[in-house]
Amino acid sequence: MWVFLVCGWHLTLAQGGTMRVFVFLSPECPLCQNYTRTLNQLQQQYAGKVKFTGIIPGKTWKQSDITTFTEKYHIAYLLQVDRDLHITHSLHATTTPEAILLGPDNTVIYQGAIDNWYKSLGRAGNKPTQNYLQDAIDYTLRHQPPPVKKTTPVGCLINDF
């Protein structure tokens, strides 16, 4: 079991045998802002089955930035700041937004884009046709391997500061 101390919080990857979704976010990133509705819906849909945590990597963010982001986009899941990038590096996250689904044993089940809504930066489709994260959760809850285990996320690269 991995335990991280982040901003005074103990963040445990494995918790009570539940799956965990870590979503790497940046409060100023338009893509992250656009995905808040989807992430809130997924968190509500899988409440009690999957624990969602938003990770904000880096030292750039003030608490007021995070509070504004949380309130403006009605974030319904826990947000944690990863100031020293311990979680970011441990989970090999590279991009915001990027989702990582961990099984109860902390194995990576899925990593990458939330869905295929964005083809590239600034180039969104009308709506997603593949819901990678949701599919990975659904298949795993049925004790089946997900059809897609890794995708390349579209967004902003996470900086090492």
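**Cysteines and rings**

Author: Searching the whole structure turns up zero disulfides, a disulfide being a pair of cysteine sulfur atoms within 2.5 Å. Take Cys29: its nearest cysteine sulfur belongs to Cys32, 3.6 Å away, and Cys29 is in no disulfide. Cys29 is also buried, at 3% relative accessible area (buried is under 20%, exposed over 50%, partly exposed in between, with a 1.4 Å probe and protein chains only). Cys156 is in no disulfide either, with the sulfur of Cys29 nearest at 4.2 Å; Cys156 is partly exposed, at 35% relative accessibility.

A word on the model: it is predicted, so local features need pLDDT of at least 70 and side-chain atom pairs pLDDT 80 or more, while totals for chains, interfaces and linings use all residues. Numbering runs from 1 along each chain as its sequence is written, and side-chain values use heavy atoms, leaving out hydrogens and water.

Now the rings. The whole structure has five aromatic pairs; rings of Phe, Tyr and Trp (its six-membered ring) pair if their centres lie within 6.5 Å, with planes under 30 degrees apart stacked, over 60 edge-to-face and the rest tilted. Among them is the tilted pair of Phe69 and Tyr73, 5.6 Å between centres and 55° between planes. Phe69 is buried, at 3% relative accessible area. Trp117 and Tyr118 are tilted too, at 4.9 Å and 50°, and Tyr118 is buried at 12%. Ring pairs join Tyr35 with Trp117 and Tyr118 in a cluster.

Lastly, the charged end of Arg142 sits over the Tyr139 ring, 4.6 Å from its centre (that takes NZ of Lys or CZ of Arg within 6 Å of the ring centre and within 35 degrees of the ring normal).
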